[in-house]
Amino acid sequence: MFRFLNKTILYQTSSRLMPAVVIPFFNSNNENDYDMLSPKEEKVSQTGWNRVQCMFKTNDYHELSIELHNVLQTSLMGVFFGVCYGGFTKSRDAYIYFIENNQATSFKSNFDAKRKLQDYVTIAFARGAYRWGWKLGIFSGIYSLIATTISVYRDKNSVLEYIAAGAITGSLYKANLGLAASIVGAGLGAALGVVGGLLIVGMLKVSGVSMDDIRRSLYSIKESREKYYNKGYEDTAEEKNDNLTRHHDVLVETKGPKDLDQIA
């Protein structure tokens with residue numbers, strides 16, 4: 001009976017999700033799909049350099065453009081994954097090293113041994129997180145910046161900008177090791193750019209959206225989050241100010257108004 005229920009639920013779920021997978025192959029997007037999250041602006045005929053200049057300009061509120069905001073988010077995500085990878089890897093190695101090299105060490109107590117082990121692992125985690133965090137953050141930021149700039153200049157998204165971004169970033173990453181290492185890094189970066197570009201472009205084709213739609217959606221989510229945050233902050237401040245005002249009115253009614261000299 002349970003097998004029958006599981007099969008029934010599986011078939012029903014598959015039949016409901018099938019249109020979401022099949023329809024993008026045959027139909028184009030509805031023009032109202034992204035209006036709620038990312039209202040599209042009317043495109044004005046611009047040259048590639050004009051679009052790049054607009055990308056690096058701020059608006060009237062000194063806010064970054066949608067493209068630079070996406071680059072910043074990519075850099076922060078790279079820092080996060082770098083911190084996690086470096087911290088966990090180094091802390092694991094430090095834990096194993098401490099256990100293997102301190103079996104004959106005499107400690108004052110069991111608590112003292114655990115405390116020293118914890119300190120050793122924590123320091124190793126911080127070193128690994130710092131070492132990998134800034135490297136992966138800068139690498140992701142440069143890669144995303146180059147790919148986004150080329151995409152904005154060409155006004156379309158393809159595998160080309162990912163290959164160029166991978167080659168340039170790989171060569172810069174290995175530039176301190178010499179020309180040969182820089183060439184090898186460019187080749188590896190270009191190869192990884194081909195793989196990543198094909199995956200990203202393929203997913204965009206399947207889903208039926210563009211990279212510009214994704215950037216606008218992420219930026220709209222950020223604006224909505226800030227809007228609700230500011231609204232909550234204003235409501236809280238207004239509530240606190242109302243309570244403070246009422247408390248002040250009560251003090252004035254009970255004790256009467258006083259000058260600053262009398263209070264001092």
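Is Ser 140 buried or exposed? That was my opening question for today's notebook page. I am working from a predicted model, so I keep that in mind for every entry below.

**Entry 1: Ser 140**

I found Ser 140 in helix H4, which runs over residues 110-154. Its relative accessibility comes out at 15%, so Ser 140 counts as buried; the cut-off for that class is under 20%. Next I asked which residues Ser 140 touches once its neighbours within four places in sequence are set aside. I noted Thr 74 and Gly 78 as its contacts.

**Entry 2: H3 against H4**

Helix H3 covers residues 66-101, and I looked up how H3 packs on H4. The angle between the two is about 150°, and their axes lie 4 Å apart. Angles over 145 degrees count as roughly antiparallel, and H3 and H4 are therefore roughly antiparallel to each other. I wrote down the crossing of H3 and H4 as right-handed. Sorting the residues of this contact by class, I got 23 nonpolar, 15 polar and four charged.

**Entry 3: aromatic rings**

How many aromatic pairs does a search of the whole structure find? My search turned up seven, and I followed two of them in detail.

I began with Tyr 97 and Tyr 120. Their ring centres are 6.3 Å apart and their planes stand at 20°, so I logged the pair as stacked. Tyr 97 sits in H3 and Tyr 120 in H4, so this pair ties together parts that are 23 residues apart in sequence. Tyr 97 has a relative accessibility of 47% and counts as partly exposed. Tyr 120, at 36%, is also classed as partly exposed.

Then I turned to Phe 98 and Tyr 120. Here the ring centres are 5.7 Å apart and the planes are at 40°, so the pair is tilted. Phe 98 belongs to H3 and Tyr 120 to H4, so the parts tied together are 22 residues apart in sequence. I checked Phe 98 for accessibility as well: at 10%, Phe 98 counts as buried. Putting these rings together, I noted that ring pairs link Tyr 97, Phe 98 and Tyr 120 into a cluster.

**Entry 4: H2 against H4**

At what angle do H2 and H4 pack? For helix H2, residues 48-55, I read an angle of about 135° to H4, with the axes 7 Å apart. The two helices are therefore oblique to each other. H2 passes H4 in a right-handed crossing. On the H2 side, I listed Gly 48, Trp 49, Arg 51, Val 52 and Met 55 as making the contact. On the H4 side, my list has Leu 145, Thr 148, Thr 149, Val 152, Tyr 153 and Arg 154. By class, the residues of this contact are six nonpolar, three polar and two charged.

**Entry 5: Thr 58**

Where is Thr 58 found? I located Thr 58 in the loop between H2 and H3. Its relative accessible area is 46%, which puts Thr 58 in the partly exposed class. Leaving out neighbours within four places in sequence, I saw Thr 58 in contact with Glu 63 and Leu 64. I also looked up its distance to Leu 68: Thr 58 and Leu 68 are 10 residues apart in sequence and 9.7 Å apart in space, C-alpha to C-alpha.

Terms used. Residues numbered from 1 in each chain as written. Predicted model: local features only at pLDDT ≥ 70, side-chain atom pairs only at ≥ 80, totals over all residues. Heavy atoms only, no water. Axes fitted to C-alpha atoms, helices over the stretch in contact; angles between N-to-C directions. Parallel < 35°, antiparallel > 145°, perpendicular 65-115°, else oblique. Left-handed = near helix turned anticlockwise from the far one by under 90°. Contact = heavy atoms within 4.5 Å. Nonpolar A, V, L, I, M, F, W, Y, C, P; charged D, E, K, R; others polar. Phe/Tyr/Trp six-rings, centres within 6.5 Å; stacked < 30°, edge-to-face > 60°. Buried < 20%, exposed > 50% of the residue type's maximum accessible area, 1.4 Å probe, protein only.
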